[in-house]
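Thank you all for coming; I would like to walk you through one structure today, taking the strands and then the residues packed among them. Please have the picture open while I talk.

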Amino acid sequence: KVLILDEPTTGVDTNSAQLIKEAILSAKQKWNTTIFISSHDHNWLNHICDKKVALFQGNLVESGSVNLLFAPWEKDEEGNLAKYFLDGQRLVIKNSADKKRDSVVMIDSDDITICRKDCELMFNESTMIGTISSIQQQHCIEHLLVEFSIGGVNFNCRVSREMMQEQRFLPSDRVYVNVNTSSVSWL
């Protein structure tokens with residue numbers, strides 16, 4: 001009735017990982033199995049899970065769609081922490097001078113805004129550019145979950161169906177990204 005899996009696709013080749021994923025879905029469908037999965041494969045989890053929870057150092061930090069942004073952080077000219085991505089972009093968290101460089105920040109998916117076309121009104125000094133990797137239906141029919149990456153770091157945000165139709169987001173699209181840094185949580 002219950003299947004508990006700890007990183008079931010880690011350390012296997014792509015074909016084997018796909019076979020494992022199919023077997024897990026088959027068990028869920030055939031026997032109505034409840035499945036608990038511990039995994040870092042966020043894309044896969046977003047596709048198959050009814051509910052996600054995030055754990056950090058053994059504690060439940062959030063349920064739902066959150067983004068955890070890990071160290072290293074660097075101090076900017078004003079002493080705030082800045083995350084530098086591999087592609088040269090950076091995200092500065094204002095009022096973070098009292099935080100440590102090895103801190104972890106949690107960003108709710110609702111605090112991230114993306115735009116593909118007619119984005120001039122959203123541009124500011126913190127606007128970054130990302131690439132959409134996937135788009136998934138949420139349990140709430142009014143929203144979709146859009147996954148994208150910035151400099152190799154994966155993020156997700158919720159987008160209304162209306163915004164989806166207006167912007168016509170597709171995987172591999174380049175999008176402008178703004179993060180509401182005033183509402184992040186530090187772990």
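I will begin with a sheet and then go on to the nonpolar cores.

Please keep in mind throughout that what you see is a predicted model. Let us start with an open sheet of five strands, which you can trace in the order β10-β14-β11-β12-β13, and in which the pairing is antiparallel. At its edges lie β10 and β13, each of which pairs on one side only, and going from one strand to the next the twist averages 45 degrees. If we look inside the sheet at β11 and β12, we find that these antiparallel strands are joined by six bridges, and as an example you can pick out Gln136, whose bridge partner in β12 is Leu145.

Now, which residues have the most contacts inside the largest nonpolar core? That core has 25 residues, and the ones with the most contacts inside it are Ile107, Ile112, Ile114, Phe148 and Val177. Several strands supply at least two residues each, among them β8 (90-93), β9 (105-108) and β14 (174-179), while the strand that gives the most is β12, with four residues.

Let me stay with Val177 for a moment, leaving aside residues up to four places away in sequence: the residues that Val177 touches include Ile112, Ile114, Met122, Met128, Phe148 and Ile150, and also Thr113 and Gly130.

Finally, there is a second, separate core of five residues, and Leu5, Ile24, Trp44 and Leu45 are among them.

Technical notes: Residues numbered from 1 in each chain as written. Predicted model: local features only at pLDDT ≥ 70, side-chain atom pairs only at ≥ 80, totals over all residues. Heavy atoms only, no water. Core = buried A, V, L, I, M, F, W, Y, C linked by side-chain atoms within 4.5 Å. Buried < 20%, exposed > 50% of the residue type's maximum accessible area, 1.4 Å probe, protein only. Contact = heavy atoms within 4.5 Å. Pairing = 2+ DSSP bridges. Axes fitted to C-alpha atoms, helices over the stretch in contact; angles between N-to-C directions.
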